[in-house]
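This report goes through selected local features of one protein model. The sequence and structure come first, and the notes follow.

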Amino acid sequence: MADDVHEEQARPGRRGLLAAGAAGALGAMVVGAGTARAEGTARAEGAAAPATPQDRTITLTGKLATGAPDFVHLPFDVPSGVRELAVSYRYDRPTVPPGTPGNSCDIGLFDERGTELGGRGFRGWSGGFRTEFTVSREQATPGYLPGPVRPGRWNIVLGPYQVAPQGLEYRVDVTLRFGAPGGEFTPAYPPERARGRGRAWYRGDCHLHTVHSDGRREPAEVAAGARAAGLDFIVSTDHNTSSAHGVWGPLAGPDLLILPGEEVTTRNGHWLALGLRPGEFVDWRYRSRDEALPRFARQVKRQGGLVVPAHPFCPYVACQWKFGYEDADAVEVWNGPWTYDDESAVDGWDAQLAVALRDGRSWLPAIGNSDAHSAPQVIGSPHTVVLAEDLSRDDVLDGLRAGRSWLAESAAVRLEFTATGHGRQAGIGEELAVPADAPVDVRLDVSGVPNGTVRFLTDEGQLHQELLPADGAGTVVWRTTASLAAFVRAEVRHPRADGTPGRGNAMGPDLPWGPMAALTNPIVLRARA
Ligand SMILES: [Zn+2]
Ligand SMILES: [Zn+2]
């Protein structure tokens with residue numbers, strides 16, 4: 001906790017010190033504050049108006065021990081007349097034994113409206129990505145929300161997500177810059193509709209980062225990347241902040257729908273809040289044990305948005321999903337380039353399908369997203385292809401919620417998947433109700449996966465496997481019945497690293513399959529009398 005809070009009047013040269021500290025990466029911020037203060041020179045700027053108080057810096061220091069709270073709030077008082085807050089912070093990085101996490105500390109800001117969970121005081125978050133930021137009425141560093149700098153008790157929030165055995169010593173400098181407030185910031189939110197093709201399949205990436213959290217891409221680069229990838233829509237999901245929502249307006253267009261969202265980044269896993277009201281923020285300060293997720297899931301669902309646990313088996317600290325799936329509308333089973341944790345996610349998702357169908361509950365749809373942050377990560381690899389009534393916010397979210405969707409590694413992959421029996425046909429995410437023993441023909445038309453392997457899977461596991469030719473296009477048909485299969489879904493896999501196809505229904509020390517190229521949500525087969 002904060003064990004030492006003191007305020008000091010800014011001396012001449014204080015701004016110079018902050019600017020110098022700001023120039024370096026965190027690890028390089030070794031300028032001794034005491035030394036720099038002693039060496040301070042005259043103010044570089046012109047003299048302030050006589051009635052304007054001098055800028056001054058509040059310094060918040062302390063040491064956090066192992067076992068510190070997930071979020072530490074450091075209060076400080078903002079008097080009236082402040083034009084801008086400029087915050088910088090740093091913390092020590094002692095050497096730790098091999099295999100032990102070193103210090104790592106996130107930062108964010110709450111204003112005079114308070115720090116209450118889900119309250120109105122949120123003013124921004126930059127995680128561990130930035131060592132300094134500013135907030136004023138007319139502008140803010142990406143991740144933070146421009147707006148009035150009202151007098152009252154504000155809070156820095158620290159998120160010490162890794163603390164070395166020696167503890168974590170931090171120092172936060174909050175400089176109050178006085179003066180007349182700047183103009184009002186006017187957010188430019190994207191429209192909720194683009195020029196669609198009516199009821200059609202639309203391609204979208206629902207998990208993307210920008211400089212508004214820990215990505216290095218400007219929003220304009222993300223929009224350009226989405227267009228280059230052949231996407232029809234994207235969702236903006238920066239970590240723990242809504243600050244990007246207000247910049248997408250001019251980047252959307254008739255050809256690209258952009259939806260506001262957030263990657264709610266907790267200490268027990270990350271979830272995507274998709275289709276938020278523009279400017280809306282979803283709190284992240286809880287773990288599974290706090291039983292707060294249902295409240296924030298309701299916040300998102302009330303506005304028609306979706307709750308989607310992200311990369312549920314990602315091995316990074318605090319990235320595995322520990323909240324269960326009762327509040328989920330879908331699950332992200334494929335996140336970025338295909339890796340082991342995606343195999344686990346698909347297996348875990350598949351295992352829940354039959355349970356949901358047995359209980360008469362709606363089954364959980366799968367989605368896939370790139371989670372691209374920076375080059376060379378590829379926007380749209382993978383993405384989700386959804387059947388929507390039109391290219392609008394509500395239609396796209398409805399399609400995703402219904403599971404009328406499949407996952408593709410790129411727009412080069414195309415497929416169609418149907419089940420036909422007893423004179424009826426159903427597509428992905430739909431249900432085919434047929435007599436229990438009526439023949440059902442399952443058909444996949446696919447292209448764009450050279451030498452790929454098609455797998456058909458049911459609640460019994462893989463029941464059919466077939467190789468695609470070198471040109472990557474083919475049709476695979478297989479017959480089953482509703483009595484044999486509660487559902488059927490398809491995967492298309494690339495060859496393994498050694499060039500061989502995968503081996504279904506086999507055990508062994510090798511990876512059984514090459515990377516995923518496409519994966520469908522299930523078609524449900526229901527036996528009717
Ligand atoms: Zn994440
Ligand atoms: Zn992410």
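Which strands do the buried residues of helix 3 pack against? They pack against strand 10 and strand 11 (233-236). The model is a predicted one.

Helix 3 spans residues 219-228, and its buried residues are Pro219, Val222, Ala223, Gly225 and Ala226. These residues lie on the same side of helix 3, because they cover an arc of only 160° around the axis. Just after helix 3, Gly230 has a positive phi of about 75°.

In helix 6 (residues 393-402), Arg393, Asp395, Val396, Leu397, Gly399 and Leu400 are buried.

## The zinc site

Three residues coordinate the zinc ion (ligand 1): Glu263 through OE, His270 through ND1 and His311 through NE2, at 2.0 to 2.1 Å. Along the chain, the donors follow the spacing E-x6-H-x40-H. The zinc ion (ligand 2) is 3.5 Å from the zinc ion (ligand 1), and Glu263 coordinates both. Glu263 belongs to strand 12 (residues 257-266), while His311 is in the loop between strand 14 (306-309) and strand 15 (331-335), so the pair ties together parts that are 48 residues apart in sequence.

Glu263 is buried, with a relative accessible area of 0%. His311 also counts as buried, at 5% relative accessibility.

His207 is part of strand 10 (residues 200-208) and is buried, with a relative accessible area of 0%. The side chains of His207 and Glu263 are joined by a polar contact of 2.8 Å. Leaving aside neighbours within four places in sequence, the contacts of His207 include Glu263, Leu272, His311, Glu332 and Asn369. Val235, Thr237, Ala310 and Asp371 are also among the residues in contact with His207.

Asn369 lies in strand 16 (residues 366-369) and counts as buried at 0% relative accessibility. The side chain of Asn369 makes a polar contact of 2.9 Å with the side chain of Glu332. With neighbours within four places in sequence set aside, Asn369 is in contact with residues including Asp205, Cys206, His207, Leu272, Trp334 and Pro382.

Leu306 is found in strand 14 and is buried at 1% relative accessibility. Leaving aside neighbours within four places in sequence, Leu306 is in contact with Leu272, Ala273, Leu274, Val300, Asp329, Leu397, Leu400 and Arg401. The C-alpha atoms of Leu306 and Asp437 are separated by 37 Å, and the two residues are 131 residues apart along the chain.

Pro522 sits in the loop between strand 27 (516-520) and strand 28 (523-528). At 1% relative accessibility, Pro522 counts as buried. Not counting residues up to four places away in sequence, Pro522 touches Trp349, Leu353, Trp363, Ile428, Gly429, Glu430, Phe487, Val488 and Arg489. Lys322 is 200 residues from Pro522 along the chain, and their C-alpha atoms are separated by 25 Å.

## Backbone features in loops

The loop between strand 16 and strand 17 (383-388) holds Pro376, and Pro382 is found in the loop between strand 16 and strand 17 as well. The peptide bond joining Ala375 and Pro376 is cis, with omega of about 5°. The bond from Ser381 to Pro382 is also cis, with omega near 0°.

Positive phi values are also found in residues other than glycine. Phi of His422 is near 55°; His422 is in the loop between strand 19 (414-421) and strand 20 (424-427). His422 is partly exposed, with a relative accessible area of 48%. Phi of Asn451 is likewise near 55°, and Asn451 lies in the loop between strand 22 (440-447) and strand 23 (453-458). At 38% relative accessibility, Asn451 counts as partly exposed.

## The largest pocket

The largest pocket holds about 960 Å³ of space. Its lining comprises 42 residues, of which Asp214, His239, His270, Tyr316 and Cys319 lie nearest its centre. Strand 5 (104-110), strand 6 (122-127), strand 8 (152-162) and strand 12 are the elements that give two or more residues to the lining. His270 is also one of the residues that coordinate the zinc ion (ligand 1).

Conventions: Residues are numbered from 1 along each chain as its sequence is written. Chains are lettered from A and ligands numbered from 1 in the order in which they are written. This is a predicted model: local features need pLDDT of at least 70, side-chain atom pairs count only at pLDDT 80 or more; totals for chains, interfaces and linings use all residues. Side-chain values use heavy atoms; hydrogens and water are left out. Donors are N, O and S atoms within 2.8 Å of the metal (3.2 Å for Na, K and Ca); water is not among the atoms, so sites may look incomplete. Helices (H or I, at least four residues) and strands (E, at least two) are DSSP runs, numbered from the N terminus. Buried means under 20% relative accessible area, exposed over 50%, partly exposed in between (1.4 Å probe, protein chains only). A polar contact is a pair of N or O atoms within 3.5 Å; within protein, one must be able to donate a hydrogen and the other to accept it, and residues adjacent in sequence count only if both atoms are side-chain atoms. Contact means heavy atoms within 4.5 Å. The arc is that of the directions from the helix axis to the C-beta atoms. On a 1 Å grid over the protein atoms alone, a cavity is a set of points where a 1.4 Å probe fits but cannot get out, and a pocket is an open set with protein on both sides within 12 Å along at least five of seven lines; lining residues have an atom within 4 Å of a point. Grid points are joined across faces, edges and corners, and a volume is the space filled by probe spheres set on the points.
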